[in-house]
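Visitor: I would like a close look at one part of this model. Please take me through the ligand sites, contact by contact.

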Amino acid sequence: MKAKVKKSEEFHLNKPLAHVAFIMDGNGRWAKQRLLPRHMGHREGCFRITDISNACQEFGIKAMSLYAFSTENWKRPKDEIDFLFSYIDEFFKREIDHMMRDGVRVLISGDISRLPEKSQATIAKAVEMTKNNDRFYFNICLNYGGRPEIVRAAKLFAQDVVDGKKTIDQLDEKGFTQYLYTAILPEVDLLIRTSGEQRTSNFLPWQLAYSEFVFTPTYWPDFTRAEFIKCLEEFETRQRRFGGLKNE
Ligand code: IPE
Ligand code: IPE
Ligand code: MG
């Protein structure tokens, strides 16, 4: 994806940042502002994913997590959901060659078995094709909920105990993270939520324990590379103490 980027503005991160998570919110309001159907916001939002993924790679960030569809989003009208998954499908078809070229590994968080079969096939193909890449991790959260993720992890651990592979004494924080979807990813340093809402909406409750949060009023389809840089500059002003007294 990187080669397409025109560098309008040079930016160098001067704080360690391995993993940035995004709650891509405001697609519907972006469309409404333009008197368009809500799904047009999702369509435009998928193009921003490409831009922001390119920017992350350019800035030397190792991983991104994207909240694309929550376990609660099934409450929405079926046609909006169908459009959204069709745009995600198109996104992977459009980007897969670039991802391979750039060494991007696609990871999925969430239970995709409830998605339309066509989307499941496209996503499974992207995961399989990119599984040996490790330059950048692109973690897309689909039918994802943080509480279901923790319950799932607890069940997987319990099953390992039943199967005699683990004992209860072996369960500690580090071990537990191995049962989460994000097992191979670095800690989330920064969470960005667009659209002005200031809540996490069931996104990565375990992983965000010590992340910095940046909220921007910008709707996701307007979240350009320049908007992203503003958030990174805000992140750079933060003092991360992790419970201690000194700066990192
Ligand atoms: C975020 O945009 C995308 C998804 C939740 C799938 P929304 O669709 O929530 O947009 P708003 O919040 O209604 O504007
Ligand atoms: C969170 O946005 C989910 C995604 C961005 C995929 P929502 O728009 O669904 O969240 P709420 O309803 O405002 O909390
Ligand atoms: Mg929303």
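Which of the 13 residues around ligand 1 come nearest?

Guide: A word on the source: this is a predicted model. Around ligand 1, the nearest residues are Asp25, Gly28, Arg29, Arg38 and Arg76. They belong to a shell of 13 residues.

Start with the polar contacts of ligand 1. Asp25 uses its side chain: a polar atom there lies 2.8 Å from an oxygen atom of ligand 1. A polar backbone atom of Gly28 is 2.9 Å from an oxygen atom of ligand 1. For Gly26, a polar backbone atom is 3.3 Å from an oxygen atom of the ligand. On its own, ligand 1 exposes 370 Å², and the protein buries 87% of that.

Now the elements behind this shell. Helix H1 (27-33), helix H2 (38-58) and helix H3 (78-102) each give two or more residues to the shell around ligand 1. H1 gives the most, with 3 residues. Sorted by class, the shell of ligand 1 holds 3 nonpolar, 5 polar and 5 charged residues. The space that ligand 1 takes is the largest pocket.

Move on to ligand 2. The space it takes is likewise described as the largest pocket. Asp25 and Arg76 turn up again here, as part of the surroundings of ligand 2. By class, that makes 5 nonpolar, 2 polar and 4 charged residues. Strand E2 (residues 63-70) supplies the largest share of this shell, 3 residues.

The polar contacts of ligand 2 listed here run through side chains. Arg199 has a side-chain N or O atom 2.8 Å from an oxygen atom of ligand 2. Asn73 places a polar side-chain atom 2.9 Å from an oxygen atom of ligand 2. Taken on its own, ligand 2 has 380 Å² of accessible area, and the protein covers 78% of it.

A polar atom of its side chain lies 2.8 Å from an oxygen atom of ligand 1.

Terms used:
Residues numbered from 1 in each chain as written. Chains lettered and ligands numbered in written order. Predicted model: local features only at pLDDT ≥ 70, side-chain atom pairs only at ≥ 80, totals over all residues. Heavy atoms only, no water. Near = heavy atom within 4 Å. Polar contact = N/O pair within 3.5 Å; in protein donor to acceptor, adjacent residues only side chain to side chain. Areas by Shrake-Rupley, 256 points an atom, 1.4 Å probe, with all protein chains shown as cover. 1 Å grid on protein atoms, 1.4 Å probe; cavity = no way out; pocket = protein on both sides within 12 Å on 5 of 7 lines; lining within 4 Å. Sits in = over half its atoms within 2 Å of the grid points. Helix = DSSP H or I, 4+ residues; strand = E, 2+ residues; numbered from the N terminus. Nonpolar A, V, L, I, M, F, W, Y, C, P; charged D, E, K, R; others polar.
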